[in-house]
Amino acid sequence: MIAIVDSGSTKSNWLFTGKKTGADFSIRTTGINPFYQTAEEIQEALQKELVPNLPQASLITEVYFYGAGCEMPAQQAIVAKAISPLFNNCIVHVDSDLIAAARSVLADEAGICCISGTGSNTCYYDGRKIVRNINSLGLYMGDEGSGGFLGKLLARDYIRESMPAGIRARFEVFTADRKSDIMDKVYKKPFPNRYLASLAPFAILHKSEAYINALIEENFRLLFDNCICRYDHFETLPVRFIGSIGLHLREALEKVAADKKVTIDKIVADPMQGLKEYHLKHTI
């Protein structure tokens, strides 16, 4: 049996599967991000949320962990150190959420993969590995196309009082946070990306409003201008999206893509089904 983990900053989905194990087994835990957490903090959270619900840990031979903040070896080592003792020191593979997305939606095919969830990222994948990644730059300098960036646009307009009065009133019903609360949660509290992404459902609920739709399109247009359209042959390569923001706001995403002469041929909510198919084909 193997474990496949799709971990974002908000939540982690664990799938336990194998060709001879019968039914799959799934567990959800809190998000893991080694840029914000130590190995000890990650392990403590998993001891509470994962271990009590595990199938027999001794049956698990390998863990394939894909997560936000796991691009660099130092961060990968933090996650591996946290997880390995929980599974009788089995082999733990740690890689980025971007390679997970590419393997899920492109498998062995070359193309451009885009994440549009709490955060965002893009890459050119040659069917085996990521060849080029235009850095998303994270929440404060980038993350265009994400729920966090969309929440940032809403928070910006709310604080600057440029949000239309009727929508502002609905926004104040949606969240109890006011200017000082928002500033505090963005600049002083942990996981500001999670907080700003928690505002994105307001945009999804009101996407038919012209003002909200303009923000949604701005979010995606910046993603195309700063990232997707900078890859060679972006007009002819498969361009595939993964993540809840891209899926829930598909109409606006496809409109912006069409304006940029790009055809998006796949948008899925999460990578797990594609990762399961990939690993059952390649690693067992």
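Start by selecting the five strands of the open sheet, which run in the order β3-β2-β1-β4-β5 with mixed pairing. Strands here are DSSP runs of E with at least two residues, and helices are runs of H or I with at least four, numbered from the N terminus; two strands pair if DSSP finds at least two bridges between them. Now colour the edges: β3 (25-30) and β5 (91-96) each have a single partner strand, so one side of each is left without a neighbour in the sheet. Neighbouring strands are turned against each other by 15 degrees on average, direction ignored, with axes fitted as lines to C-alpha atoms.

Before moving on, a word on the model. It is a predicted one, where local features need pLDDT of at least 70 and side-chain atom pairs count only at pLDDT 80 or more, while totals for chains, interfaces and linings use all residues. Residues are numbered from 1 along each chain as its sequence is written, and side-chain values use heavy atoms, leaving out hydrogens and water.

Next, zoom in on β1 (residues 2-7) and β2 (residues 11-17), an antiparallel pair joined over six bridges. Pick Ala3 and you will find Phe16 of β2 opposite.

Then select Ala101 in helix α3 (residues 97-106). Ala101 is buried, at 2% relative accessible area (buried is under 20%, exposed over 50% and partly exposed in between, with a 1.4 Å probe and protein chains only). Draw a C-alpha to C-alpha distance from Ala101 to Lys19: 22 Å, across 82 residues of sequence.

Finish at the second largest pocket, with about 250 Å³ of space. Select its lining, including Leu139, Tyr140, Lys152, Arg156, Met183 and Leu196. Helices α4 (138-141), α5 (147-159) and α7 (179-187) each supply at least two lining residues. Colour by type to see nine nonpolar, no polar and three charged residues.

Methods
On a 1 Å grid over the protein atoms alone, a cavity is a set of points where a 1.4 Å probe fits but cannot get out, and a pocket is an open set with protein on both sides within 12 Å along at least five of seven lines; lining residues have an atom within 4 Å of a point. Grid points are joined across faces, edges and corners, and a volume is the space filled by probe spheres set on the points. Ala, Val, Leu, Ile, Met, Phe, Trp, Tyr, Cys and Pro count as nonpolar, Asp, Glu, Lys and Arg as charged, and the others, Gly among them, as polar. Axes are lines fitted to C-alpha atoms, for helices over the stretch in contact, and angles run from 0 to 180 degrees between N-to-C directions.
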